[in-house]
Amino acid sequence: DEALAALQRLREARHPDAGRFDAHALELTRILHRFLERTLPTPRPGDTSTELIAHVRAAALGEDDVRRLGGLLGTWDRVKFARASQQAEEALREEDAVEAFVRRRAADGGAT
């Protein structure tokens with residue numbers, strides 16, 4: 001519920017529409033990190049994206065999810081740190097991907 005509420009607040013901020021892709025990527029990263037830290041036994045606060053993906057893999061999350069999450073985190077790192085360009089449509093799809101992951105984990109009993 002907390003992750004979904006945070007996603008809703010992010011959507012209301014409309015960062016992609018204003019071209020604030022770095023702020024959007026930062027918030028999506030925070031939401032996903034916090035969700036994984038609270039629902040899987042291995043991720044730790046302060047993990048880098050690489051460490052987080054290694055911990056997610058160790059938690060036996062499906063390889064499709066590991067690959068998908070790794071791709072999202074890598075994209076967000078490039079947007080946040082290398083100022084990679086991004087399109088609003090792509091940023092909105094990333095919100096949807098995080099929401100779908102959270103909902104799927106909750107339905108599978110993987111979220112608390």
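I started with helix H4 and looked up what its buried residues pack against: H2, H3 and H5. This is a predicted model, so I'm reading everything below as computed from it.

**H4 itself**

I checked the length of H4 next. H4 has 19 residues and runs 26 Å from first C-alpha to last, close to the 27 Å expected at 1.5 Å a residue. I then listed the buried residues of H4: Asp 65, Val 66, Leu 69, Leu 72, Leu 73, Gly 74, Thr 75, Trp 76, Val 79 and Lys 80. I also looked just past the end of H4, where Arg 83 has a positive phi of about 55°.

**H4 against H5**

I took the H5 side first. H4 covers residues 63-81 and H5 covers residues 88-107; their axes come within 12 Å and cross at roughly 145°. I noted the crossing of H4 past H5 as left-handed. From H4, I found Asp 65, Arg 68, Leu 69, Leu 72, Thr 75 and Trp 76 meeting Glu 90, Glu 94, Ala 97, Val 98, Phe 101 and Arg 104 of H5. Sorted by class, this contact has six nonpolar, one polar and five charged residues.

**H4 against H2**

I moved on to H2. The H2 and H4 axes lie 9 Å apart, and the packing angle is about 145°. I noted a left-handed crossing here too, with H2 passing H4. On the H2 side I get Phe 21, Asp 22, Ala 25, Leu 26, Leu 28, Thr 29, Leu 32, His 33 and Leu 36; H4 brings Leu 69, Leu 73, Trp 76, Val 79 and Lys 80. By class, I have ten nonpolar, two polar and two charged residues in the contact of H2 with H4.

I picked out Ala 25, which sits in H2. Is Ala 25 buried or exposed? Ala 25 counts as buried because its relative accessibility is 0%, and the cut-off for buried is under 20%. Leaving out neighbours within four places in sequence, I see Ala 25 in contact with Trp 76, Val 79 and Lys 80. I also took a distance along the chain: Ala 25 and Leu 40 are 15 residues apart in sequence and 22 Å apart, C-alpha to C-alpha.

I get a relative accessible area of 0% for His 24, so His 24 is buried. Not counting residues up to four places away in sequence, His 24 touches Leu 10, His 15, Pro 16, Ala 91 and Glu 95.

**The core**

Which residues have the most contacts inside the largest nonpolar core? I found Leu 36, Val 56, Leu 69, Trp 76 and Val 98, in a core of 28 residues. Helices H1 (2-13), H2 (21-39), H3 (49-58), H4 and H5 are the elements that give two or more residues to this core. H2 supplies the largest share, seven residues. I followed up on Leu 36: with neighbours within four places set aside, Leu 36 is in contact with Pro 43, Leu 52, Val 56, Leu 69 and Phe 101.

**H1, last look**

I finished on Leu 4 in H1. What does Leu 4 touch, not counting residues up to four places away in sequence? I get Glu 99, Val 102 and Arg 103. Leu 4 and Glu 99 are 95 residues apart along the chain, yet I get 6.7 Å between their C-alpha atoms.

Note on methods: Residues numbered from 1 in each chain as written. Predicted model: local features only at pLDDT ≥ 70, side-chain atom pairs only at ≥ 80, totals over all residues. Heavy atoms only, no water. Axes fitted to C-alpha atoms, helices over the stretch in contact; angles between N-to-C directions. Helix = DSSP H or I, 4+ residues; strand = E, 2+ residues; numbered from the N terminus. Left-handed = near helix turned anticlockwise from the far one by under 90°. Contact = heavy atoms within 4.5 Å. Nonpolar A, V, L, I, M, F, W, Y, C, P; charged D, E, K, R; others polar. Core = buried A, V, L, I, M, F, W, Y, C linked by side-chain atoms within 4.5 Å. Buried < 20%, exposed > 50% of the residue type's maximum accessible area, 1.4 Å probe, protein only. Expected span 1.5 Å × (residues − 1).
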